[in-house]
Amino acid sequence: MNLHQRTPAERDVAQLDVVIVGAGFAGLYLLHRLRGLGLTARAYEAGSGVGGTWFWNRYPGARCDVESMQYSFSFDDELQQSWKWSERFAAQPEILQYANHIADRYDLRRDIVFNTRITAATFDESSATWTVTTDRGERVTARYCVMATGCLSTARLPNIKGIASFQGATYHTGHWPHEGVDFTGKTVGIIGTGSSAIQSIPVIAEQAKHLTVFQRTPNFSIPSRNSAMPAAYEAEWKDDYPTRRQRAREETRNGIYGDWGQVSALEVSAGDRRAEYERRWTKGGLEFMYAYNDLGLKKEANDTAAEFVREKIREIVKDPKTAELLCPYSYPIGTKRICVDTNYFETFNRDNVTLVDIRSAPIDEITPHGVRTQDTEYAFDCLVFATGFDAMTGTLEAMNIRGRDGLALRDEWAAGPRTYLGLTVAGFPNMFLVTGPGSPSVLSNMIVSIEQHVDWITDCIAHLTQSGSASIEASRDAQDAWVDHVNERANATLYPQAASWYMGANIPGKPRIFMPYIGGVGNYRKICSDIASDNYRGFAIE
Ligand code: N01
């Protein structure tokens, strides 16, 4: 039955076991697992289709920087054996096709309400239930509420004077028009040089009459060396899937099976180190950063990798002044999300591409016709904002989430997010977060982390259902201890040295807290399992 065919009154009284916010990969898998438990669940999705991040981020060049053989579900062997990826790194349309395949294969759409945004969620203590409210004025009540809202789902426009006055077309990479954009013959300005910009700049440059890139902070990027999926490589993976998936889940820092170096960058000779970086640069992809085990920990070790990449930039980019502007110096490599590209630095050798350094001459204003920096005025037909997201907390805080005693999540997190395991929040019984702050989430292969969280949450709900319990809530003490542990692990690394979105530094006024858990997915999985096995240590169950 199509849920929208029900009358408002029928919808108002609907009682579910679980209400899910979001139908990206997390919401889809959760719905599938909950159905398997015989529970009633429904997902609400703001978009008109499934796929979450891959539904919204349709900018030119969008693709995943985790290899396709690994950026995919492992819970169903038939699925992973039968699905065929066409490229080593899948592009957005193919990943979206995969999300749609998941929805169809497991018949999930009948329990997803599309084009509907959850605006509020309120816990009622007397019944231990959540009531969520939609932007269509519907309310639905459920025992449990799971926020499968993604980590990068609130796109952010910069607070630049005059932004609304621009008379040409404007686009945000995270909200790209579904029909695509034809930049042929256009003069285009793009603001931002993060992962989204680094992927889209080479593709837009091929189309546009002229592309001007406004860069505030240069980024480290590694070539992907993407290719059509080699048949032998696919077969090797499919033959060995159980072992590789298990190792990715249990033994790695980030849920990616790969060539992890076991020694310090400082233990080997300069020549050997150079050869190793060269080998990894030639192979392409994120594995460059796995070369040594202390690149994220020791500045001296990190400097060796950073300088190698800067040398590559100087080699690739012909104009020495442009090359130098593209070289990052202000943070250790990897402490802002490392980028993976196809022809990014090469694109600055094109005659129709100009790099503008807005660190030395900031943007003063967006005008009706373009952009005015402190020293120059630029005219454009189109402006692209590749300016990122209010990451990890933005989507949750945009909803009016109220727990015990009317407590608002926004207020609880005013000084930064506080969670127990990144899965739950004290004061918010029966609410779960998938890949929330305080879990490995954005530092990991998201699908590995999503599967782990969804499995943990469904096991927990099964346990509560079987034991006849009505509610589960993290204790403040357990939460405080977890937050301390998350901070302690982060502070032992170089990561807090970067003004990154991991730190909330891209949003004026956002507390500077390193939000994800950097203790590693293998280690984290074990902690979560041990806590569940120990009768849900740190939780009150009633
Ligand atoms: O966003 P970002 P993104 N004036 O926040 C600049 C994932 N992802 O969408 O660094 C001028 O990284 C800002 O400058 P600065 C991935 O996890 C994955 O690119 O703050 N500039 C920066 O250059 C990634 O990390 C994939 O100085 C302004 C840029 O805008 C995350 O999504 C692909 C500005 C924002 O970069 C976010 O990436 C794409 C202002 N007022 C994304 N405000 C893959 O899997 C911001 N900027 C490959």
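Gln479 is buried, with a relative accessible area of 1%; buried means under 20% relative accessible area, exposed over 50%, and partly exposed in between, with a 1.4 Å probe and protein chains only. Gln479 sits in helix H16 (residues 476-491). Helices (H or I, at least four residues) and strands (E, at least two) are DSSP runs, numbered from the N terminus. The model is predicted: local features need pLDDT of at least 70, side-chain atom pairs count only at pLDDT 80 or more, and totals for chains, interfaces and linings use all residues. Residues are numbered from 1 along each chain as its sequence is written, and side-chain values use heavy atoms, with hydrogens and water left out.

- Leaving aside residues up to four places away in sequence, Gln479 touches Arg418, Thr419, Tyr420, Thr424, Val425 and Ala426, where contact means heavy atoms within 4.5 Å.
- Ile457 belongs to helix H15 (residues 446-466) and counts as buried at 0% relative accessibility.
- With residues up to four places away in sequence again not counted, Ile457 touches Leu30, Val146, Leu423, Phe432, Leu433 and Val434.
- Ile457 and Tyr290 are 167 residues apart along the chain, and their C-alpha atoms are separated by 31 Å.

**Two loop residues with positive phi**

- Ala128 is a residue other than glycine with a positive phi, near 50°.
- Ala128 lies in the loop between strand S4 (118-124) and strand S5 (129-134), and at 9% relative accessibility Ala128 counts as buried.
- Asp405, also a residue other than glycine, has a positive phi near 55°.
- The loop that holds Asp405 runs between strand S17 (400-402) and helix H14 (409-412), and at 70% relative accessibility Asp405 counts as exposed.

**The surroundings of the ligand**

- There are 25 residues around the ligand, and Thr193, Ser196, Arg216, Thr217 and Lys336 come nearest; a residue is near a molecule or strand if one of its heavy atoms lies within 4 Å of it.
- By class, this shell has nine nonpolar, nine polar and seven charged residues. Ala, Val, Leu, Ile, Met, Phe, Trp, Tyr, Cys and Pro count as nonpolar, Asp, Glu, Lys and Arg as charged, and the others, Gly among them, as polar.
- Helix H6 (residues 195-207) contributes the largest share of the shell, three residues.
- An N or O atom in the side chain of Ser196 is 2.6 Å from an oxygen atom of the ligand.
- A polar backbone atom of Ser195 is 3.0 Å from an oxygen atom of the ligand.
- A nitrogen atom of the ligand lies 3.5 Å from a polar side-chain atom of Arg156.
- On its own, the ligand has 920 Å² of accessible area, and the protein covers 89% of it; accessible areas come from the Shrake-Rupley method with a 1.4 Å probe, and for residues only the protein chains shown count as cover.

**The protein as a whole**

- The secondary structure comes to 17 helices and 20 strands.
- Along the principal axes, the C-alpha atoms fill a box of roughly 70 × 55 × 45 Å.
- Of the 542 residues, 58% are buried.
- Among contacts between residues at least 6 apart in sequence, 71% join residues at least 24 apart.
- Carbon and sulfur atoms account for 48% of the accessible surface of about 21,700 Å².

Note on methods. A polar contact is a pair of N or O atoms within 3.5 Å; within protein, one must be able to donate a hydrogen and the other to accept it, and residues adjacent in sequence count only if both atoms are side-chain atoms.
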